[in-house]
Every structure is written in C-alpha cells, then in structure tokens.
Amino acid sequence: MLTDLLKKLISIPSFVDEKNNEKLIAIFIIDFFKKNLPWFSIKKQKIANNRFNLIISDGYRANLIFLCHLDTVKPSGDIKTMLTPKIVNQKVYGLGACDMKGGIASLLTAIKEKNKTKGVTVIFDCDEEYYFLGIKKILEKYSFNPSLIVCPEPTDLEIINGCRGIAEIELEVLGKTAHAANPNLGTNAIEQSVNLIAQLKRKLNLKKNNFLGKTTVNLAYLTGGKFSNNTITIQANAVADIARLLLDIRIAQTNLNGEKITNFIKEISQSLKLKINKTKINIDYQSYWTSPKELKIFEKQLIKNKLEIKYKKLETMGFFEGALVAKKWNCPTISFGPSGSKSAHTPDEYVEINSLFKVKNVFKELISAYSI
C-alpha cells in the first residue's frame with residue numbers, strides 16, 4: 001500500500017508553472033483523509049490562483065505537528081518520464097519521490113495504520129520549493145503550541161535539528177570619481193565594495209556557532225562604473241563612483257538578521273569612504289537550532305525501531321521552512337525522512353523503499369508517544 005500510494009502521489013503534478021500547481025495533489029490528500037481517516041477535520045486556506053494550504057486536525061490540541069510541503073521543483077528532465085514512477089533495485093524513481101512525496105506517503109500510511117490519533121495535526125503547505133508563500137500564510141493566521149514539529153524531508157534517516165538563516169541584500173554604494181591618471185583623488189566604488197565584503201566576512205566570522213558553523217557571505221552580483229545622467233557608463237579613464245551588489249548571506253548566529261548586517265555594512269562603508277545610497281533586504285530568515293535534549297522522546301522511537309541516532313552536520317545545509325515555524329511558534333522542530341536526499345532536484349530522483357517503511361514505523365511510534 002505504501003509504495004502504491006507513493007506512485008500515485010508522484011503521478012500527480014505539483015510543480016508550479018503557468019499551467020500547474022499544488023491543487024490536484026491537495027484534492028487527492030483531501031479525498032484520502034475523507035475515505036481513510038474520517039475523524040480528521042480539514043480546513044483549506046487559500047493562497048492564490050486555485051492554490052491552497054491544508055490544515056488537518058484530529059480534533060485534539062495540536063501536540064504533534066507534521067509539516068509537509070505539497071509542491072516539487074520543476075522537472076529537470078522529460079516531464080512525462082518524471083511523472084511516471086518506476087521501481088528499480090528497491091528504489092522508487094520519479095519527480096518528488098524523495099522530496100517530499102516519499103515522506104508524505106510514509107506519514108499517511110502511518111496514520112492510517114494507527115486507526116485513531118489524539119493530538120495530531122498535519123499541515124500541507126504550498127510553495128516551499130519557491131517562495132514559502134504557503135507557510136507564510138499559515139503563520140499569518142495560526143498559532144500553535146506543539147511539543148514537536150516534524151518535517152518529513154528526505155534526511156537519509158538522520159535528524160536535522162537546525163539550519164542557518166538567509167539574508168539576501170541588495171546594495172548601491174557611491175564613491176567619488178576622478179581621472180584615471182590620478183585615481184588617489186577619487187574613491188573607487190567597485191574596488192572598495194570588494195574591500196567592504198572582505199571586512200564584512202571577517203566581522204561575521206568572529207564568532208562561530210558550535211552547531212551551525214560559520215556565517216558565509218557570497219557576493220553573487222557586482223556591477224559598477226561612472227554614474228552619469230542616471231546611467232552607469234563604462235569609462236576606462238574614470239574612477240568608478242557607483243557599484244551595485246547582491247549578497248547571499250547564510251547566517252549561523254541565532255541572534256543575527258538582515259537588519260543588523262546592513263548596519264554592519266554601513267559602519268564598514270564609512271571607513272572606506274563609501275556612501276550607502278540604497279539597501280534592500282529581499283530575504284531575511286533567521287537561523288534556528290533545537291537541542292537534542294528536547295528530542296529524547298523522538299530518539300526513543302528510533303531506538304525502538306533499531307535505528308541509529310544520528311544528527312546531520314548542519315554547517316553546509318540549506319534553509320528549511322521548519323526554521324520559520326520554529327522561530328514563530330518557539331517549539332522543537334526537526335526534519336526526518338527517507339533515504340535518497342542526494343538525488344533530490346535531479347532527473348533521476350529516487351527514494352529507497354526500505355527507508356520508507358522505517359520512517360512509517362517511526363512515525364507510528366511517535367504518534368503514540370505524543371498522544372494526549
């Protein structure tokens with residue numbers, strides 16, 4: 001039943017483009033609950049353009065929340081092939097097989113086999129692979145106080161208990177032009193912007209987080225030249241007096257955010273004789289970390305299923321929407337799911353069947369452990 005369910009989920013397109021979104025898979029999940037788990041109540045939360053979140057509750061206080069995203073990335077290979085699941089060497093192949101339709105199939109099967117639950121809420125949200133529109137809408141309206149949130153992401157049966165945050169910042173900095181024959185009379189905005197980033201990296205790396213590693217700064221885009229008549233011109237004999245930058249900063253410190261970083265940038269710019277003309281924070285998500293001390297009940301379920309208690313190294317992990325709910329609701333939050341993570345977002349995405357059943361069994365035990 002589990003693999004058949006997964007194959008059905010894979011066959012339903014839930015990537016987002018001009019013609020497709022998460023609507024069809026959300027309808028399938030609604031029908032699944034109505035048919036197999038009728039004690040759950042279902043609420044739809046509209047996002048836009050026939051897209052909606054699902055908040056599904058067994059009627060008790062939300063003590064244990066499973067947070068699942070409905071969407072997948074866009075196909076990176078032949079669409080028909082990637083939406084036609086196949087089993088080869090004990091692996092299920094297809095778009096979303098591991099990220100995260102495999103985790104969803106394990107969860108739905110676990111709940112069905114439990115037959116009755118007390119204290120379980122399941123959130124299915126849109127747009128996790130794109131702009132987090134779904135979870136942002138959830139956080140606008142809902143406030144839960146769960147003992148644990150589990151995201152069934154593909155983690156290879158390891159626990160992900162945190163992630164670095166993200167600040168994406170656009171900058172426009174101004175220097176001072178001069179003739180190239182006397183560059184010392186000016187302030188080169190391009191050269192000094194590079195110095196600014198170097199100093200920012202040193203400042204942000206002064207304090208390493210023991211669990212999340214170091215904050216990293218990626219200079220993703222840099223352009224500049226001489227500013228004249230509201231246009232940046234390329235003029236070799238003139239010192240560049242304007243530069244525009246785009247930074248992607250992965251934040252390890254839990255008390256650091258985009259606003260604080262822009263303040264650091266302004267402080268550094270003064271010493272470099274640069275003027276920060278414009279700043280724009282496109283993304284500002286803080287890091288989070290859940291102590292293993294808060295996960296002892298979860299660890300016991302792994303032991304019961306003869307699985308090793310192993311935590312993923314977080315220093316190079318990407319950002320998870322679990323960080324948003326962990327911060328907003330101030331609760332322990334983890335990702336835990338089946339094996340196959342290295343294949344996610346590739347034309348040959350797969351999930352290992354054996355791991356699906358292990359995840360299902362852990363979730364069954366977890367539902368019992370957090371029953372109220």
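For the charge count in this talk, Lys and Arg are positive and Asp and Glu negative, with His and the chain ends left out; each charge is placed at NZ of Lys, CZ of Arg, CG of Asp or CD of Glu. On that basis, the mean positions of the 54 positive and 36 negative charges of the chain lie 3 Å apart.

Please note that this is a predicted model, in which local features need pLDDT of at least 70 and side-chain atom pairs count only at pLDDT 80 or more, while totals for chains, interfaces and linings use all residues. Residues are numbered from 1 along each chain as its sequence is written, and side-chain values use heavy atoms, without hydrogens and water.

I turn to the chain as a whole. Along the principal axes, its C-alpha atoms fill a box of roughly 80 × 45 × 40 Å. Of its 372 residues, 54% are buried, meaning under 20% relative accessible area with a 1.4 Å probe, protein chains only. Taking contacts (heavy atoms within 4.5 Å) between residues at least 6 apart in sequence, 80% join residues at least 24 apart.

The secondary structure comprises 10 helices and 16 strands, which are DSSP runs numbered from the N terminus: H or I of at least four residues, and E of at least two.

Let me close with strand β10, residues 216-228. Strands pair when DSSP finds at least two bridges between them. β10 runs antiparallel to β12, residues 242-251, with nine bridges, and L222 has L245 of β12 as its bridge partner. β10 also pairs with β11, residues 231-233, antiparallel over three bridges; here F227 stands opposite I232. Two residues separate the strands of this β10 and β11 hairpin, where N229 takes a positive phi near 55°.

Definitions and conventions: Buried means under 20% relative accessible area, exposed over 50%, partly exposed in between (1.4 Å probe, protein chains only).
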